[in-house]
Amino acid sequence: MLSESVLCLLTEDLLIKVLDKLGSDRKSWRLVCKEFLRVESVTRKSVRILRIEFLLGLLQKYCNIETLDLSLCPRIADGAVSILLSQGSVSWTRGLKRLVLSRATGLGYAGLEVLIRACPLLEAVDVSHCWGYGDREAAALSCATRLRELNMDKCLGVTDIGLAKIAVGCSQLESLSLKWCLEISDLGIDLLCKKCLELKFLDISYLKVTSESLQPIAALLKLEVFVMVGCSSVDDAGLRFLEKGCPLLKAIDVSRCDCVSSSGLISVISGHGGLERMDAGYCLSELSAPLVKCLKNLKQLSIIRIDGVRVSDFILQTIGTNCKSLVELGLSKCIGVTNMGIMQLVSGCGNLKILDLTCCRFITDAAISTIADSCPDLVCLKLESCDMVTESFLYQLGSSCLLLEELDLTDCSGINDIALKYLSRCSEIVRLKLGLCTNISDIGLAHIACNCPRMTELDLYRCVYIGDGGLAALSSGCKKLTKLNVSYCNRITDRGMEYISHLGELSDLELRGLSNITSIGIKSVAVSCKRLADLDLKHCENIDDSGFWSLAVYSQNLRQINISNCIVSDAVLCMLMGNLKRLQDAKLVRLAKVTVKGLELALRACCGRIKKVKLQRSLRFLLPSEILETIHARGCKIRWD
């Protein structure tokens, strides 16, 4: 009673200020009292819909939203949009500025146009991975005349005609991503650049455009970020168009452009002294000395990614000398990286925060110790397959790099429990990858669990000495874990599953090949881990129908599931596929107890919702063609194993 009287004294302005300070605790806050609930409803600016059946109620409740995310609603369709806009008040549409429809392949051009026209203030739309979208959908998008941001990645049916409609209707566009829109050519890009003069960000990755497209792009006076990954028909002649164009260019990505050489990049650099980021991975045979020398003129260059390129000690030393402002460097799979080169590099680049040395196999403790000494602000270090490093470097890392948040030690065989003890001093660790580190055990994992409470992602793939004891430590020390991979850690039993069930924030869980877990363990996870969205149970052969029944009943937020090589019956598979209303991706390969008829019924049960399904190749001609055609027509891709 006392608490209610105190709360009544707080004005709405004060309550809003309290709400702004809460961050992720909004849900708990609004459950305290009706006044808190009312204020949260009025001030909420974004809604991410997890289940379509709640859509109408939530939009009526949160009428002042500016962002609506429907990317997790695979069943959203034209009919649902019509109902949504015809039921009661639609005041929520008047202030909507951002609409996320990524992977909403069930929504066609008619529903899309109605939705777009109902939102007069719309500034950003994401229809990425709506692979069936074409020119009619592009025409619908062109109705958003205030549009400034548009993501159309993998809209495979959009041609130059559709792009022209968008260019004419949305002339205020500032950001446009066309990655994998394979039907767009030089003609469409030319028209786009003539109409959308406000463009600041443009991504034409994997388009079948030629160097001719770069001439109109060079005329974009406000372009700051240009991404053209995998444009295999663009060469140095195209890059030379940029030399005197795009005066505000800050970032360029030519990764995987096979016809681009150091000469082309030099021409870009020479015309853009304000360049801040350069990505050139897997496109250069080697990093030439003239190119590295040019980098000296880029006083603001902070990010370089040259993955897969041949380098030398001299080149790395020159980068260290010429690029003092670097905060991120990507050398993944670069040939020629040695201890000496890295030492010389970091001696000049003491501001590095992100360093990727994936598959630089000749790196040893000496180089990593120098990195730790020279780069105290390091936040992310990737050392996958650097199997010459041992616990010694982690002693130095744990002493010097106390801001470290992400560390990848996958397949580093020299890592052991002592190494994890040293690493545990980096208490800010958020993401840690230890897959294939076969010399670590529950003892080392306990050190991490006790000292790294901020951990959200942990990969223990094939760490064969990890068992129930390690999971017990995780469950008490790492409550914020959202992603966990313990595949092929065969010491884990149902008791370990019980510990995992205490991780209430868990969304992604990989349990592949755990031969000692049963339906009892899976039920405990299904009942308690309500946020679980991605579950891999491949080769978990001791889980029977009762375990899958538990998933069907309790795991209503599952979006992806892999039950290949599992023991499940026709009836329970049908129930599982029918009950999981948010399921978008299912892998159903080699289900020994499932008949062709049972699989057909399971596919019918989820038809219209599921977007990807993986099936055994031998069933391609056994399943009725009618069900396969129906699945495809409703926007589902079938992958045959």
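Modeller: Ser-385 is buried, with a relative accessible area of 5%. Buried means under 20% relative accessible area, exposed over 50%, and partly exposed in between, with a 1.4 Å probe and protein chains only. This is a predicted model, in which local features need pLDDT of at least 70 and side-chain atom pairs count only at pLDDT 80 or more, while totals for chains, interfaces and linings use all residues. Residues are numbered from 1 along each chain as its sequence is written, and side-chain values use heavy atoms, with hydrogens and water left out.

Biologist: Where is the place of Ser-385, and which residues does Ser-385 touch?

Modeller: Ser-385 lies in the loop between β14 (380-382) and α18 (391-400). Helices (H or I, at least four residues) and strands (E, at least two) are DSSP runs, numbered from the N terminus. Contact means heavy atoms within 4.5 Å. Leaving aside residues up to four places away in sequence, Ser-385 touches Cys-359, Arg-361, Thr-410, Asp-411 and Cys-412. Ser-385 and Cys-360 are 25 residues apart in sequence, with their C-alpha atoms 7.4 Å apart in space.

Biologist: Which residues of helix α13 are buried, and what covers them?

Modeller: In α13 (residues 262-270), the residues Ser-262, Gly-264, Leu-265, Ser-267, Val-268 and Ile-269 are buried. Their cover includes α12 (236-242), β9 (251-253), β10 (277-279) and α14 (289-294).

Biologist: How is the packing of two helices described?

Modeller: One gives the angle between the axes of the two packed helices and the distance between those axes. Axes are lines fitted to C-alpha atoms, for helices over the stretch in contact, and angles run from 0 to 180 degrees between N-to-C directions. Here, α26 (residues 596-606) and α27 (residues 625-633) pack at about 25°, their axes being 11 Å apart. Therefore α26 is roughly parallel to α27; angles under 35 degrees count as roughly parallel, over 145 as roughly antiparallel, 65 to 115 as roughly perpendicular and the rest as oblique. Glu-600, Leu-603 and Arg-604 of α26 meet Glu-626, Ile-627 and Ile-631 of α27 in the contact.

Biologist: How many disulfides does the count come to?

Modeller: A disulfide is a covalent bond between the sulfur atoms of two cysteines. The rule applied is a pair of cysteine sulfur atoms within 2.5 Å, and the count comes to zero. Cys-196 is in no disulfide, the nearest cysteine sulfur, that of Cys-170, being 7.3 Å away.
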